[in-house]
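Take a look at the chain shown here. This report goes through its side chains group by group.

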Amino acid sequence: MSTNRDGLAEKVYTLGILQQKYVVARLKALQLNSLQARSLSYISIHPGTIQRELADYLGKKQATVTNILKGLEERKMVYREIPKSNERQKNIFLTAEGEQLVKQVNLIFEQLDQKVRNGLTEKEQEQLEVNLSKAKQNFD
């Protein structure tokens, strides 16, 4: 049986695992998991979003998102507001503490991006972006 451990797909996979470990370790220091961090970032970009939209973004069931939001509410990172126009719906917003945490999460991803770019010239970075986009199109 032949394996392709030196193949390009294996290298991309390994880089993805290394990135995931990097992010998870830093999120853990903020007492967040990746779903909580992604939720906070989404709410930051889409203040007043509803739970269904967040569930669609995360690719998770609404029950899972309910649990994520409960935890973030308990930590005073988000709050829900019932609009007068639709009492069955709750809009989700970040608290001041949540906004501060999003800044820290964004910094983690900026540092990750810099880590990937380190050692590459500007031209190599541009070419890598082009090549990764081309490879991604094979899956679209």
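Arg38 is partly exposed, at a relative accessible area of 34%. Here buried means under 20% relative accessible area, exposed means over 50%, and partly exposed lies in between (1.4 Å probe, protein chains only). The model is predicted: local features need pLDDT of at least 70, side-chain atom pairs count only at pLDDT 80 or more, and totals for chains, interfaces and linings use all residues. Residues are numbered from 1 along each chain as its sequence is written, and side-chain values use heavy atoms, with hydrogens and water left out.

Arg38 sits in helix H2. Helices (H or I, at least four residues) and strands (E, at least two) are DSSP runs, numbered from the N terminus. What does Arg38 touch, leaving aside its neighbours within four places in sequence? The contacts of Arg38 are Tyr57 and Leu58. Contact means heavy atoms within 4.5 Å. Arg38 also lies over the face of Tyr57, 5.4 Å from the ring centre. For this, NZ of Lys or CZ of Arg must be within 6 Å of the ring centre and within 35 degrees of the ring normal. Another such case is Arg26 over the face of Tyr22, at 3.7 Å from the ring centre. Sequence and space can be set side by side for Arg38 and Ile108: they are 70 residues apart in sequence and 12 Å apart in space, C-alpha to C-alpha.

## Ser41 in helix H2

Helix H2 covers residues 34–45 and holds Ser41. Is Ser41 buried or exposed? Ser41 is buried, because its relative accessible area is 18%. Leaving aside neighbours within four places in sequence, Ser41 is in contact with Val102, Val105 and Asn106.

## Aromatic pairs

How many aromatic pairs are there? The count comes to 2. The rings of Tyr42 and Tyr57 have centres 4.6 Å apart and planes at 25°, so this pair is stacked. The rule covers rings of Phe, Tyr and Trp (its six-membered ring) with centres within 6.5 Å; planes under 30 degrees apart count as stacked, over 60 as edge-to-face and the rest as tilted. Tyr42 is in helix H2 and Tyr57 is in helix H3 (residues 51–58), so the pair ties together parts that are 15 residues apart in sequence. Tyr42 is buried at 13% relative accessibility. Tyr57 is partly exposed at 38%.

Tyr79 and Phe93 also pair. Their ring centres are 5.5 Å apart and their planes are at 20°, so this pair is stacked. Tyr79 belongs to strand E2 (residues 78–81) and Phe93 to strand E3 (residues 91–94); the pair links distant parts of the chain, 14 residues apart. Tyr79 is partly exposed, with a relative accessible area of 34%. Phe93 is partly exposed too, at 22%.

## Salt bridges

The chain has 4 salt bridges. A salt bridge is a side-chain nitrogen of Lys or Arg within 4 Å of a carboxyl oxygen of Asp or Glu. The table gives some of them.

| Residue with N | Residue with O | N to O distance |
|---|---|---|
| Arg80 | Glu73 | 2.9 Å |
| Arg117 | Glu129 | 2.9 Å |
| Lys136 | Asp140 | 3.8 Å |

Both Lys136 and Asp140 are exposed. Salt bridges that share partners join Asp113, Arg117 and Glu129 into one network. Arg80 is partly exposed at 22% relative accessibility. Arg117 is partly exposed at 24% relative accessibility. Glu129 is partly exposed at 43%.

## A nonpolar patch

Which residues make the nonpolar surface patch? Val116, Leu120, Leu128 and Leu132 make this patch of about 270 Å². Patches are made of residues with over 30% relative accessible area and no salt bridge: like charges are joined within 9 Å, and nonpolar side chains (Val, Leu, Ile, Met, Phe, Trp, Tyr) within 5 Å. Accessible areas come from the Shrake-Rupley method with a 1.4 Å probe, and for residues only the protein chains shown count as cover. Val116 lies in helix H5 (residues 96–117). At 30% relative accessibility, Val116 counts as partly exposed.
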